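The entries follow in the order in which I looked things up.

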Protein chains: 2
Amino acid sequence: MRTRRPKKHAVESAAPAKDARTKLLDVSLTLIRAKGYAATTVDDLCAAAGVTKGAFFHHFESKETLAVAAAEHFSAGAEALFAAAPYHRADDPLERLLGYVDFRAAILTGELHDYTCLLGTLVQETYASHPQIRAACERGLSSHVEALLPDIEAAKRRYAPKAAWSAESLGYFIQSVLQGSFIFSKSKQSAQVARRNLAHLRSYLELQFAPAKPRAAR
Amino acid sequence: MRTRRPKKHAVESAAPAKDARTKLLDVSLTLIRAKGYAATTVDDLCAAAGVTKGAFFHHFESKETLAVAAAEHFSAGAEALFAAAPYHRADDPLERLLGYVDFRAAILTGELHDYTCLLGTLVQETYASHPQIRAACERGLSSHVEALLPDIEAAKRRYAPKAAWSAESLGYFIQSVLQGSFIFSKSKQSAQVARRNLAHLRSYLELQFAPAKPRAAR
DNA sequence: GACACCATACCGACCAGTTGGTATGTTTAC
DNA sequence: GTAAACATACCAACTGGTCGGTATGGTGTC
């Protein structure tokens with residue numbers, strides 16, 4: 001449909017020399033997370049990326065198209081970040097899962113518009129009016145949940161085989177805690193709530209996966 | 001500063017005959033939740049409320065002022081809704097808390113833009129660029145958490161006096177699960193994730209408040 | 001290897017519609 | 001009568017998007 005990737009030069013130039021498309025996608029992550037989709041104008045994006053409007057509409061059919069691409073760009077970045085994270089090295093699936101939670105806590109540093117989730121921000125604003133953006137966010141969020149599923153399933157088989165909930169539902173629960181944490185981080189302009197929420201979440205996982213402990217009748 | 005409340009008529013008219021200010025606030029709840037703050041125009045609000053722009057700017061200094069008032073309006077409505085809910089009647093504080101969670105699940109009906117939270121939507125978009133709106137959302141969210149605190153504290157004293165977490169942190173955790181649930185509800189256009197999340201949340205509360213059950217060493 | 005041909009990447013002036021906000025007039029309640 | 005509660009007409013700034021044009025580098029042909 002559209003050429004995504006112009007031919008690489010035979011010799012990689014020393015400077016990164018990112019093309020306009022990549023620069024626009026990169027700045028859109030920060031800008032949209034900080035101001036929201038509707039409040040981020042095409043001119044804002046062009047100015048931040050140091051490109052012109054002509055370049056913008058050369059690479060993207062519309063502002064909406066950019067948002068879809070930005071959601072995909074964000075997902076790809078997240079996938080790479082988590083794929084490279086150290087927690088995968090643990091032998092025990094529960095340890096890997098708790099490692100994921102700890103890793104999420106560890107990356108709560110820097111500015112809000114850098115560690116919060118573009119997809120959550122984007123979908124809140126656009127779910128009713130921009131179906132394609134909504135769908136792109138849905139794909140990104142779900143695929144992140146899916147990446148957790150193998151570990152959750154393995155942990156469940158080993159530590160809570162009789163639990164009533166599905167591994168998938170727990171995956172979404174984990175992500176929901178994170179998304180909700182970001183909202184409170186924004187409202188309080190501090191990552192503290194997020195950190196405490198992750199401690200509660202960790203505690204829930206430890207309780208659910210506590211080996212063979214019959215629940216007390218209340 | 002501004003007259004909030006015109007004198008009530010001596011005789012309440014049969015028809016509600018809401019004034020322009022109230023009508024604008026009412027429609028803003030739905031509209032902003034559906035389209036977001038930036039994408040909701042003053043004209044949209046006026047059209048939906050059946051009033052003119054003159055009326056709008058008679059009652060609100062600016063669009064931002066309306067958003068602040070809408071956040072307060074939403075909080076007031078929520079406070080009334082939860083104050084009147086049946087779960088307060090239980091004798092046991094834990095039962096009241098679980099009753100709150102069940103009540104939150106029970107009101108997940110109808111359209112997304114009716115049961116989701118205006119404050120969460122609003123603060124996501126505006127936290128960086130509209131300090132006053134952010135602050136209004138923060139107040140509303142925190143005061144809702146505070147309304148839960150007495151029950152959480154009482155339940156903690158009775159069932160988990162030695163727990164490491166604070167009642168407040170659990171209150172924010174509960175709200176974060178809800179906010180995150182709304183994001184996923186929007187992304188999937190279904191309340192199913194929200195319902196399953198609330199089941200997990202309920203399960204967490206039951207586990208944390210399980211009477212005197214020493215945690216198994218993992 | 002020179003030259004025409006062409007696709008891609010990018011530029012920036014321009015446009016029509018929309019936006020938040022204003023100025024001023026009219027109606028209504030007490 | 002007067003002040004609050006609207007209504008109407010209007011505006012300047014901004015917005016997403018268009019359009020004619022240029023720079024560059026690859027490719028086929030002779």
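I first checked whether the copies use matching faces: 100% of the interface residues of chain A are also interface residues in chain B, so the copies meet through the same surface. The contact draws 50 residues from chain A and 50 residues from chain B. On the chain A side, helix 9 gives the most, with 16 residues. I noted 23 nonpolar, 16 polar and 11 charged residues on that side of chain A. Here Ala, Val, Leu, Ile, Met, Phe, Trp, Tyr, Cys and Pro count as nonpolar, Asp, Glu, Lys and Arg as charged, and the others, Gly among them, as polar. Helices (H or I, at least four residues) are DSSP runs, numbered from the N terminus.

The model is predicted: local features need pLDDT of at least 70, side-chain atom pairs count only at pLDDT 80 or more, and totals for chains, interfaces and linings use all residues. Residues are numbered from 1 along each chain as its sequence is written, while chains are lettered from A and ligands numbered from 1 in the order in which they are written.

I then looked up the symmetry. Chain A superposes on chain B by a rotation of 180 degrees with 0.0 Å of shift along its axis (RMSD 0.1 Å). That is the relation of a two-fold axis. The superposition is by least squares on the C-alpha atoms of residues with pLDDT of at least 70 in both copies.

Lastly, I found 21 residues around DNA strand C, with A:A20, A:G54, B:T41, B:F57 and B:S62 the closest; near means a C-beta atom, placed from the backbone, within 6 Å.

Key. Contact = placed C-beta atoms within 7 Å. Helix = DSSP H or I, 4+ residues; strand = E, 2+ residues; numbered from the N terminus.
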